[in-house]
Amino acid sequence: MTVYIDSSVILRILFREPNPVEVWCKWDSAFSSNLWRAEALRTVDRLRLAGDLSDEDVADLVREIRIVHETLAIYPLSERILQRASESFPTVVGTLDAIHLATALAIREVEPIDLLLTHDGQLATAARSVGFTVIGVS
């Protein structure tokens, strides 16, 4: 099974939040945009600045982010992906989610993607509207 993973799925795992996707680590290959790491590190920094994470928590999370990043097939941002992300989609989708969706579309041109994993409702709807099978949103 080949999956595309949105940042929300990884963050739910890293923060040990309830209801993670059941297929976590049960794939043959997993893709994501290099955008995911920036989103994850920004989340950690935002929580650190708010006083919600200790230095030890930050160190552990940064290490876990690095490990996850090294295990994924990372698809780099390109002008083509950014161009597609700036174009219209059949449903409403925010900027970062549009970049994830444009990345998944670019990957799908060369590699079949069985599932797009996200906990973001808007991204899930947009992904389904362009033909992806989505799990992670109830």
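Figure 1. Of the 138 residues of the protein, 43% count as buried. What you are looking at is a predicted model, so please keep that in mind as you explore each view. The protein has six helices and five strands, and from the N terminus on they follow the order β-α-β-α-α-β-α-α-β-α-β. The radius of gyration is 15 Å, close to the 14 Å that the globule rule gives for 138 residues, so the protein is as compact as a globular protein of that length. If you follow the C-alpha trace along its principal axes, it spans about 40 × 30 × 25 Å. The accessible surface comes to about 7300 Å², and carbon and sulfur atoms account for 51% of that surface. Now look at how the chain meets itself: among contacts between residues at least 6 apart in sequence, 68% join residues at least 24 apart.

Figure 2. Is Thr118 buried or exposed? Its relative accessible area is 0%, and because buried means under 20%, Thr118 counts as buried. Which side chain makes a polar contact with the side chain of Thr118? The partner is Asp6, and the distance is 2.7 Å.

**Figure 3. Arg16 and Glu64, partners from distant parts of the chain.** Side chains of opposite charge can pair when their charged atoms come close. Here, the side chains of Arg16 and Glu64 meet in a salt bridge, with 3.2 Å from N to O. The pair links distant parts of the chain, 48 residues apart: Arg16 sits in the loop between α1 (7-14) and β2 (29-33), while Glu64 belongs to helix α3 (residues 55-71). Arg16 counts as exposed, at 61% relative accessibility, whereas Glu64 is buried, with a relative accessible area of 16%. A search of the whole structure finds six salt bridges, and the next two views show others.

Figure 4. The side chains of Asp45 and Arg48 meet in a salt bridge of 2.7 Å, N to O. How many residues apart are Asp45 and Arg48 in helix α2? They are three residues apart in this helix (residues 35-49), which means that about one helical turn separates them. Arg48 counts as partly exposed, at 36% relative accessibility. Look for Arg42 as well: Arg42, Asp45 and Arg48 are linked in a network of salt bridges.

**Figure 5. Arg80 and Glu109, a tie between a helix and a loop.** In this view, the side chains of Arg80 and Glu109 meet in a salt bridge of 2.2 Å, N to O. Arg80 lies in helix α4 (residues 79-86) and Glu109 in the loop between α5 (95-108) and β4, so the pair ties together parts that are 29 residues apart in sequence. At 48% relative accessibility, Arg80 counts as partly exposed. Glu109, at 58%, counts as exposed.

Terms used. Residues are numbered from 1 along each chain as its sequence is written. This is a predicted model: local features need pLDDT of at least 70, side-chain atom pairs count only at pLDDT 80 or more; totals for chains, interfaces and linings use all residues. Side-chain values use heavy atoms; hydrogens and water are left out. Buried means under 20% relative accessible area, exposed over 50%, partly exposed in between (1.4 Å probe, protein chains only). A polar contact is a pair of N or O atoms within 3.5 Å; within protein, one must be able to donate a hydrogen and the other to accept it, and residues adjacent in sequence count only if both atoms are side-chain atoms. A salt bridge is a side-chain nitrogen of Lys or Arg within 4 Å of a carboxyl oxygen of Asp or Glu. Helices (H or I, at least four residues) and strands (E, at least two) are DSSP runs, numbered from the N terminus. The radius of gyration is taken over C-alpha atoms; the globule rule is 2.2 Å times the number of residues to the power 0.38. Contact means heavy atoms within 4.5 Å. Accessible areas come from the Shrake-Rupley method with a 1.4 Å probe; for residues, only the protein chains shown count as cover.
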